[in-house]
Amino acid sequence: MGSNDCIEMLRKANLKITPRRKAIIGFFLQNGRYFTPEEVWIALREDFKHLGLPTIYRNLRELEDIGILIRVFRSDQRLYYAICQLGKGKKHHHFVCKKCGRVSEVELCNFDDIAGDIESKLNCKIISHFMQIEGLCSKCMEEEMSERDEGQKVKE
Ligand SMILES: [Zn+2]
Ligand SMILES: [Zn+2]
Ligand SMILES: [Zn+2]
C-alpha cells in the first residue's frame, strides 16, 4: 500500500485529507517501523510549526480507529504505533522485529482451524483474537550472522 491507498482509506472513513494526516502517514510508510507519539511529534514538528503533542495523540488515535495505524505492544507498556498496509477488512497479523522495530504484514491466519477446539474445550464463544508475532527480521538476521562470522574470524 502506498500513500494513495491510505488517502483512499481516509476518504472512505470521511476523514479530511489534511497535510498533517498525510505527513503522519508518509512518515510511517517511509520508515516501516513502530514509533511512539513523541517520536512522531519530534519528526513532524519542523514542518508544522504549531503542532502540539495532544494533536499528534488525537491524530494517531483517529488513524488507528480507521485501521491505517495499529498498536504495537511492548513490555515497557508505552504507546507504539505502526502503519497497517492491509487495513481492517483483511484477516491478518503483524510481525515485529525485536531488534530494529520493523513491522511486516503477515497475510495469514489459521486461527479458525483451532477456534472450534478452544470453544468446545472451554465451552465458550470466541469473538476475536489478538496475535503479535515477534522475532528478527531478515535484515537483522543477516546482520547477526555476519557479526557471528566476524567474531569467528578474529578468533582464527
Ligand atoms: Zn496490517
Ligand atoms: Zn530487524
Ligand atoms: Zn489470526
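How many Å separate the centres of domain 1 and domain 2, taken over C-alpha atoms?

Modeller: In this predicted model, the centres of domain 1 and domain 2, taken over C-alpha atoms, are 23 Å apart. The contact between them draws on 10 residues from domain 1 and 11 residues from domain 2, and on the domain 1 side the touching residues comprise six nonpolar, two polar and two charged ones. As for where the domains run, the domain assignment of the chain places residues 1-90 in domain 1 and residues 91-156 in domain 2.

With that background, consider Gly 87, which sits in the loop that links strand S2 (80-83) to strand S3 (93-97). Gly 87 counts as partly exposed because it has 16 C-beta neighbours inside 10 Å, a number that lies between the limit of 12 or fewer for exposed and that of 20 or more for buried. Leaving aside residues up to four places away in sequence, Gly 87 touches Met 9 and Gly 67. Leu 69 is 18 residues from Gly 87 along the chain, and the C-alpha atoms of the two are separated by 8.4 Å.

Another loop position, His 50, is found between helix H3 (37-45) and helix H4 (53-65). His 50 is exposed, since 6 other C-beta atoms lie within 10 Å.

Terms used: Residues numbered from 1 in each chain as written. Chains lettered and ligands numbered in written order. Predicted model: local features only at pLDDT ≥ 70, side-chain atom pairs only at ≥ 80, totals over all residues. Helix = DSSP H or I, 4+ residues; strand = E, 2+ residues; numbered from the N terminus. Contact = placed C-beta atoms within 7 Å. Domains from an automatic or database assignment. Nonpolar A, V, L, I, M, F, W, Y, C, P; charged D, E, K, R; others polar.
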